[in-house]
Amino acid sequence: MNIIELEDVWKTYSMGEVEVQALKGLSLKVKPGEFLAIMGPSGSGKSTAMNMIGCLDIPTRGRVLLEGQDIAALNEKELAKIRGKKIGFVFQSHNLYPTLNAIENVQLPMRIHEFGEAEIWDKSEELLGLVGLSGRARHYPSQMSGGQSQRVAIARALSTNPLLLLADEPTGNLDTEAGKEVLDIFSQLNSRGVTVVMITHDEKTAARANRIVRMIDGTIAS
Amino acid sequence: MKLLDIFLLSLSHVKKSRMRSWLTIVGVIIGVASVVAIISIGQGMQENVQQRLGGFGADIITVIPGYFRATGVHSEMHTDRSVSTSSSINLSDRDYRVIKQLPGVMYVNGLVSGKADLVYDNEKTVVSITGVDTSVWRLMDTTGIEEGRYLQAGDSNSIVVGYNLAHGTFLQPITLNRPITIGGKNFRVVGILKQSGGFGGGSDTGIYMPSGIARDVISEKVSNNQFTSIVIKATDATLVEYLKADIEQKLMSSRQVNPRTKDFTVIASALIREQMSSVTETLSFFLSAIAAVSLLVGAIGIANTMFMSVMERTKQIGLLKAMGAGEREIMKLFLIESGIFGLVGGIFGVIAGSAISLLIPFLGIQAVGFGGDMKATITMGTIFFALGFSVVIGVLSGIIPARHAARMRPVDALRYDQ
């Protein structure tokens, strides 16, 4: 079964009096274990596509199926629960909760979903180790570099054992070196079976994925 | 999300923006402190009044010459017994007899009060003298004897001394059996009164002696069949109001005056106490209302801070929502934060307010019209009320910002640029 399936998704935003059609009949399937990059210039609708894949927003028309289930059938609360548990998000910037240190950030989704205390600690320490930041557990986001912050964000996104790691321009604010480290982690995770969907406008970044979907004007470029 | 985890997350916000948190809290502290101080001072004031008037006893009625009128003062009025009272408007033994035969009267004491020169241990001063009927005085006195005894029938040159006069006026405290010269006559101290603390006829600073001899020593002229006031003890405190009316009526007819020319005043301290209480209650209510305004300003401060942090944290709210936090959790997160502001402000406010209240007596502020020291009474009730109230205020001022935060859509929140 596909993890996420978008079926002829349309999304219209109204910006004041102007209606903006961000998505125009996008259809897309994300299969388990793949590393998918969604590419496109700004205004191509790739961010809106990410919101749909991440179940952060609901389409104006068409269907979004998460593990075969239509998300339109869920209320806001159920959607929040499912989204938080099944999708791990990594955003471009301001990813971490600034008042919490690294390990607390990793623990946050598990606390939201009320994991047991022992599991919370075991898992968060393990994941920080996985991204190579065991030594930074007590550091606050303001005390870490951009690359380190993104790695903590990845550890956090993995904490609830999601079906899918969804990254929105994860290297957008990083220098080449730090960006490469982050992408290495994605590749490494993917080789262990984690499904990764990455939104990017950068060819080189997209090249790390094993499937690239190019978007233009709210739909997939053919 | 567990409540404890939400609480810890809220606490991390408060701790991280320390400066702003404290400034917000200071607003609450000022509000709570002024409410606590004013309530405490108000309660102290009430107790003061109760205590001072309590010295009279609830079943005591006093008749004095002169008459207060709501529209002014009667031309012949003499309210202060220490001022030389023209004999024409003193009370007479006829008034005494009229009162004595009324139903509901237990004891009647005709008093002769005035000022006299006193010499003790080579020190000279002027004191208030109260001449009493020795046969009933001990039965009606509410102050109590600290040392020695009350005056008794047959005493002629014996006196009983008020507490403050005995202990605080002269270099050498007055003790039992000490000789004292009053108005040129020699007296012996047979008793010292307890401290009454009240208006109770100036018992703390006065001297009591048999009325016969008091007429000789005081500088005012009071003839043998006259009194400067008459004190009545009712058989029951519940009769006081009726007895007071009865006395007024009977005295008016025996003195041949009408309500317009009335030349005496009947005072029931129990009734005054009620009136005074309602005055002080109104006063403290009014002051509390003013204090509440500063608390309101504190609440607005909290609301303002909360709105700012909701704005600042829009992205974090989006993050929390993306991670699966629901509206209720976001709501709780912000309400707990504003509640913390209220609670911490409340705690420090109670401490500051109590400190202010405790300092009041040392500042020596005189309560206008009561002639005594001002004091403040802090009760546990006040403290818990203030704490509870400030937490409620904190939570309430957080409601609108918290709801604003909770209802944000995750996409909008995440897109928000700082």
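**Close-up views of a predicted two-chain model**

View 1. Because B:K185 has 14 C-beta neighbours inside 10 Å, B:K185 counts as partly exposed (buried means 20 or more other C-beta atoms within 10 Å, exposed 12 or fewer, and partly exposed in between, with C-beta atoms placed from the backbone). The model is predicted, so that local features need pLDDT of at least 70 and side-chain atom pairs count only at pLDDT 80 or more, whereas totals for chains, interfaces and linings use all residues. Residues are numbered from 1 along each chain as its sequence is written, and chains are lettered from A and ligands numbered from 1 in the order in which they are written. Leaving out residues up to four places away in sequence, B:K185 touches B:N157, B:D216 and B:V217, contact being C-beta atoms, placed from the backbone, within 7 Å.

**View 2. The largest nonpolar core.** This core (buried Ala, Val, Leu, Ile, Met, Phe, Trp, Tyr and Cys residues joined through C-beta atoms within 7 Å) has 117 residues, and A:I38 and B:V32 are among those with the most contacts inside it. Helix α2 (residues 18–54) of chain B gives the largest share, 14 residues.

**View 3. The contact between chains A and B.** Here 22 residues of chain A are in contact with 18 residues of chain B. On the side of chain A that touches chain B, α2 (76–86) and α3 (102–112) each supply at least two residues.

Notes. Two residues are in contact if their C-beta atoms, placed from the backbone, lie within 7 Å. Helices (H or I, at least four residues) and strands (E, at least two) are DSSP runs, numbered from the N terminus.
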